[in-house]
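Hi,

Here is the structure I promised to pass on. Have a look at it first, then read on for what turned up.

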Protein chains: 2
Amino acid sequence: MTNISIIGAGSFGTALAIVLATSRHQVTLWSRTEAQADALRKKRVNERYLPSHPIPESIQITSYLPDVVASDVLLFVAPSAGLRSISGQLAELGAIPSSTILVSAVKGIEYGSGLRMSEIVSGFFPSNPIAVLSGPNHAEEVARGNPTASVLASRSEAVSRQLQHAISTNRLRLYTNEDVIGVELGGALKNVFALAAGISDGLGLGDNSKAALATRALAELARLGTALGGNRDTFQGLSGLGDLMVTCFGRQSRNRNVGERLGRGESLEDIVDSLSMVAEGIPTTRSAQECALRLSVDTPIIDVVHSVLYEGVAPAEAMARLMARDLRAE
Amino acid sequence: MTNISIIGAGSFGTALAIVLATSRHQVTLWSRTEAQADALRKKRVNERYLPSHPIPESIQITSYLPDVVASDVLLFVAPSAGLRSISGQLAELGAIPSSTILVSAVKGIEYGSGLRMSEIVSGFFPSNPIAVLSGPNHAEEVARGNPTASVLASRSEAVSRQLQHAISTNRLRLYTNEDVIGVELGGALKNVFALAAGISDGLGLGDNSKAALATRALAELARLGTALGGNRDTFQGLSGLGDLMVTCFGRQSRNRNVGERLGRGESLEDIVDSLSMVAEGIPTTRSAQECALRLSVDTPIIDVVHSVLYEGVAPAEAMARLMARDLRAE
């Protein structure tokens, strides 16, 4: 029995809470607003993000951060834009034991600093063990109990094994990996490639095109990811290729959907206004391009997505630019 | 202007004929039966396999093999089971110039001999240049003119470059590769993995599971493919990963559909009886397992598909077997 607190009551945070609560853990689900926490407590369902899955009574729901300090595991599942602030607030409490394992499932790269999400957390908690959770994990399917595999990465094998045994269930199988950088970058960057895949879908280019795009995306992920310190093999695994495939080809992928709407001609502003959840690919595109420029890595797909999101280039023109390359060897 | 003859008037053969005819090539489409050739000539559409795409008048349609002997390029797009017979008939004509480039787009491995399709062809035409065409290419999308990329592999770079310039169009971009073995095996083996992906779909396991399965499939493809002489990098490219993705995740994938019906409980016999086209994954599963056994390569996914197709194991039990592995590092 482990005390696990989940920081963030979006779709994935809620799904993890539901799955982990069935494994005899004491689970606390923290929501940023008391209004949401109150609604979750009363309705025992996350109507906005995961309406079909009841939240077991055993899960404690709170918006009060001190409620989570006594946890063995703190699992961050917040939007990337809020992670620095939440981590700071937690650190100010001064009450998190240094034995508490901090796990980031947040997907992003901080713009300006280029920091990964686990680096932001560990900046506030330098003595705590840190891990990362990432893989092909649609929240809805996790909540439904569909068999799901994911990766737990920590520089300390002891930490990842401990978490693996604590958190894994029959339906959520966790594999360990020591390459925190590679696992974390796969989760962050795949959202940018999913935007590109969605743009291709929205333009009606078909699956042949999308497969060619996604093949190049994996190469681009590995190129930028290794330049940033990740291990090449990691990008071939669940948290790289696996997550890339499900995000580029899955119907449920949020970032792919945003890309599809862009491809169909909607404006980014209208799309963002209509979203109830954050599409992390949008901010990550800026951060990823910043990293690529700094390291002089060639990232044509990221550049094309950047041109659509931030430079006013029409999706059709941007994709044509990507396709228009000389015939050559693979 | 090149004389190109396409041996096989199924969906992909017809799609290639349509696309190549728009590039000012003289295209001949050979059908196995005069009845089909006659219908194609009269209706100028392949009603059975590609009903929405008219066949340009410039394409010569025949069932008479001597009509194809004067070609610069002979493109084989027949079912794997018929390739040896057709190649033998062509060889008996004794009239194919040794300069004619023979290109195999056939997907399979011969059971018993373990030969790749291009090896069967070159067995009959040892003096002719041989190439292979393979990639993420749904026929319907190729015919529609959706942007498509594919790989032309030949041991002779001169041959693949010549073909690349002759056959590539704006909409069908061909990349060259010298690794004939790797390109050909990607095209053949991906159909077995698509059956597995379909079984997963049919059992309702969801995209998270399928992404985990497809990730392991790429590793398995590279493991068996390199043991058979392919280059590891090839499996990361369009003809490996690209084709694997579109076949495992694309709605239009024939082998994925067969797997889905198996997963839903239909018998293989009923499915095969109802198909108007060959699902090459079915025979390739036997050949692939035979190769793996001979080389002592670990191929758990191929084994699971084999157990469903040929050993009477229930799909749910077979997939459970695949999933039931100890928790471990990636």
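Predicted model: local features only at pLDDT ≥ 70, side-chain atom pairs only at ≥ 80, totals over all residues.

The charged end of A:Lys210 sits over the ring of A:Phe249, 4.6 Å from the ring centre. Another contact of this kind involves A:Arg286, whose charged end is placed over the ring of A:Tyr111 at 3.7 Å from its centre.

Now the two copies. Chain B superposes on chain A by a rotation of 180 degrees with 0.0 Å of shift along the axis, and the RMSD is 0.0 Å. The copies are therefore related as by a two-fold rotation axis. Which residue of chain B comes closest to that rotation axis? That would be B:Phe249, with its C-alpha at 3.2 Å. The copies also meet through the same surface, because 100% of the interface residues of chain B are interface residues in chain A as well.

On to the sheet in chain A. It is open, has 8 strands with mixed pairing, and runs in the order β5-β2-β1-β6-β7-β8-β9-β10. At its edges are β5 (60–62) and β10 (172–177) of chain A, each of which pairs on one side only. From one strand to the next the twist averages 25 degrees. At the β10 end, strand β9 (residues 148–153) of chain A pairs with β10(A) in the parallel sense, over 6 bridges. Within that pairing, A:Val151 has A:Tyr175 of β10(A) as its bridge partner.

Helix α1 (residues 11–21) of chain A packs on this sheet. The strands touched by α1(A) are β1 (3–7), β2 (26–30), β6 (73–76), β8 (130–134) and β10 of chain A, and the helix direction makes about 165 degrees with that of β2(A). How many of the 11 residues of α1(A) are buried? The count is 11 of 11, so to speak a mostly covered helix. Among the buried residues of α1(A) are A:Phe12, A:Leu16, A:Ile18, A:Val19 and A:Leu20, and the list also includes A:Ser11, A:Gly13 and A:Thr14.

Chain B has an open sheet of 8 strands too, again in the order β5-β2-β1-β6-β7-β8-β9-β10 and with mixed pairing. Its edge strands are β5 (60–62) and β10 (172–177) of chain B, each pairing on one side only. The twist averages 25 degrees from one strand to the next. Helix α9 (residues 238–249) of chain B packs on the sheet, where α9 touches β8 (130–134), β9 (148–153) and β10 of chain B. The direction of α9 makes about 140 degrees with that of β9(B).

I also followed a few pairings in the chain B sheet:

- Strand β1 (residues 3–7) and strand β2 (residues 26–30) of chain B pair in the parallel sense over 5 bridges, with B:Asn3 opposite B:Gln26 in β2(B).
- β1(B) and β6(B) run parallel and are joined by 4 bridges; here B:Ile6 stands opposite B:Leu75 in β6(B).
- β6(B) pairs with strand β7 (residues 101–104) of chain B, in the parallel sense and over 4 bridges, and B:Leu75 stands opposite B:Val103 in β7(B).

Where do the side chains of β6 (residues 73–76) of chain B point? B:Val73 and B:Leu75 point one way from the strand, B:Leu74 and B:Phe76 point the other way, and all are buried.

A:Ser118 lies in helix α4 (residues 117–124) of chain A and is buried, at a relative accessible area of 4%. Setting aside neighbours within four places in sequence, A:Ser118 is in contact with A:Ser104, A:Ile130, A:Val132, A:Val180 and A:Glu184.

A:Thr285 is found in helix α12 (residues 281–295) of chain A. Buried or exposed, what does A:Thr285 count as? With 0% relative accessibility, A:Thr285 counts as buried. Beyond its neighbours within four places in sequence, A:Thr285 is in contact with A:Val192, A:Leu195, A:Ile302, A:Val305, A:His306, A:Leu309 and A:Tyr310.

Cheers

Terms used:
Residues numbered from 1 in each chain as written. Chains lettered and ligands numbered in written order. Heavy atoms only, no water. Pairing = 2+ DSSP bridges. Helix = DSSP H or I, 4+ residues; strand = E, 2+ residues; numbered from the N terminus. Axes fitted to C-alpha atoms, helices over the stretch in contact; angles between N-to-C directions. Contact = heavy atoms within 4.5 Å. Least-squares fit on C-alpha atoms with pLDDT ≥ 70 in both. Lys NZ or Arg CZ within 6 Å of the ring centre and 35° of its normal. Buried < 20%, exposed > 50% of the residue type's maximum accessible area, 1.4 Å probe, protein only.
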